[in-house]
Amino acid sequence: MKALRYLLLFTANLTIASCQGKVNSQANDSSDKNSGSRVTIYYFHGEHRCPTCLAIEKETKTTFEVNLSKEAEARTVEFEVINADEAKNKALCEKYGVYGSTLLLVKGNKTVNLTNMAFSNARRNPDQFREELAKEVKKLIKG
């Protein structure tokens, strides 16, 4: 019975670890394709996605369409979903040092990694997720 419990725990941890992406730092110096004129919300994902990964995309899209509708209409924010496993996206993934499921905000040379917040809240606390994401985007727009 103990062996089964450890096996299940190991499998769960492996699944979570394989979904989570990586970014080199909280704020990176890299130039955005928009030269700092707008915030780009990037959601990177792999080919195989868990329910949390799917929830991150869904809640990010909802935030973009509902909580950030004025900013989207003013073209101060955009949202892109990127499959990190596709060869055509390799350069962009390398630019930001990501693989797997990663949520980034990029404006000019500033990059904010919200991956941990996304994994913590997208499925179990979507209201908090949307509030936090919108707050971070608006902060980048102002600053």
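Reader: Which strands does helix α6 lie across, and what makes you say so?

Author: Helix α6, residues 126-142, lies across β1, β2, β3 and β4. Contact here means heavy atoms within 4.5 Å. The helix runs at about 25° to β3; axes are lines fitted to C-alpha atoms, for helices over the stretch in contact, and angles run from 0 to 180 degrees between N-to-C directions. Helix α2 (residues 51-67) lies across β1, β2 and β3, and its direction is about 160° to that of β2.

Reader: What should I keep in mind about the model itself?

Author: It is a predicted model, in which local features need pLDDT of at least 70 and side-chain atom pairs count only at pLDDT 80 or more, while totals for chains, interfaces and linings use all residues. Residues are numbered from 1 along each chain as its sequence is written, and side-chain values use heavy atoms, with hydrogens and water left out.

Reader: How many helices and strands are there, and what makes a stretch count as one?

Author: The protein has six helices and four strands. Both are DSSP runs numbered from the N terminus: helices are H or I with at least four residues, strands are E with at least two. Starting at the N terminus, the order is α-β-α-α-β-α-β-β-α-α.

Reader: What makes β1 and β2 a pair?

Author: Two strands pair if DSSP finds at least two bridges between them. β1 and β2 have seven bridges, in the parallel sense, so they meet the condition of at least two. Ile-41 stands opposite Phe-79 in β2, and His-45 stands opposite Asn-83 in β2.

Reader: In which sense does β3 pair with β1, and in which with β4?

Author: β1 and β3 pair in the antiparallel sense over five bridges; Thr-40 has Val-106 in β3 as its bridge partner. β3 and β4 also pair in the antiparallel sense, over four bridges, and Leu-104 has Asn-113 in β4 as its bridge partner. In the hairpin of β3 and β4, two residues lie between the strands, and Gly-108 takes a positive phi near 55°.

Reader: Why do β2 and β4 count as the edges of the sheet?

Author: The open sheet has four strands in the order β2-β1-β3-β4, with mixed pairing. β2 (77-83) and β4 (110-113) each have a single partner strand, so one side of each is left without a neighbour in the sheet. On average, neighbouring strands are turned by 20° against each other, direction ignored.

Reader: Why is Ser-101 called buried?

Author: Buried means under 20% relative accessible area, exposed means over 50%, and partly exposed is in between (1.4 Å probe, protein chains only). Ser-101 has 2% relative accessibility, so it counts as buried. Ser-101 is found in the loop between α4 and β3 (102-107).

Reader: And why are Arg-75 and Glu-94 called exposed?

Author: Arg-75 has 57% relative accessibility, so it counts as exposed. Arg-75 sits in the loop between α3 (69-73) and β2. Glu-94, in helix α4, is exposed because its relative accessible area is 53%.

Reader: What makes you say that β1 is mostly covered?

Author: Seven of its seven residues are buried. Val-39, Ile-41, Tyr-43 and His-45 point one way from β1, while Thr-40, Tyr-42 and Phe-44 point the other way.

Reader: How do you know that the side chains of Ser-101 and Tyr-43 make a polar contact?

Author: A polar contact is a pair of N or O atoms within 3.5 Å; within protein, one must be able to donate a hydrogen and the other to accept it, and residues adjacent in sequence count only if both atoms are side-chain atoms. The contact between the side chains of Ser-101 and Tyr-43 is at 2.8 Å.

Reader: How many aromatic pairs are there, and why is the pair of Tyr-42 and Tyr-96 called tilted?

Author: A search of the whole structure finds three aromatic pairs. Rings of Phe, Tyr and Trp (its six-membered ring) pair if their centres lie within 6.5 Å; planes under 30 degrees apart count as stacked, over 60 as edge-to-face and the rest as tilted. The rings of Tyr-42 and Tyr-96 have centres 5.6 Å apart and planes at 45°, so this pair is tilted. Tyr-42 lies in strand β1 (residues 39-45) and Tyr-96 in helix α4 (residues 90-96), so the pair ties together parts that are 54 residues apart in sequence.
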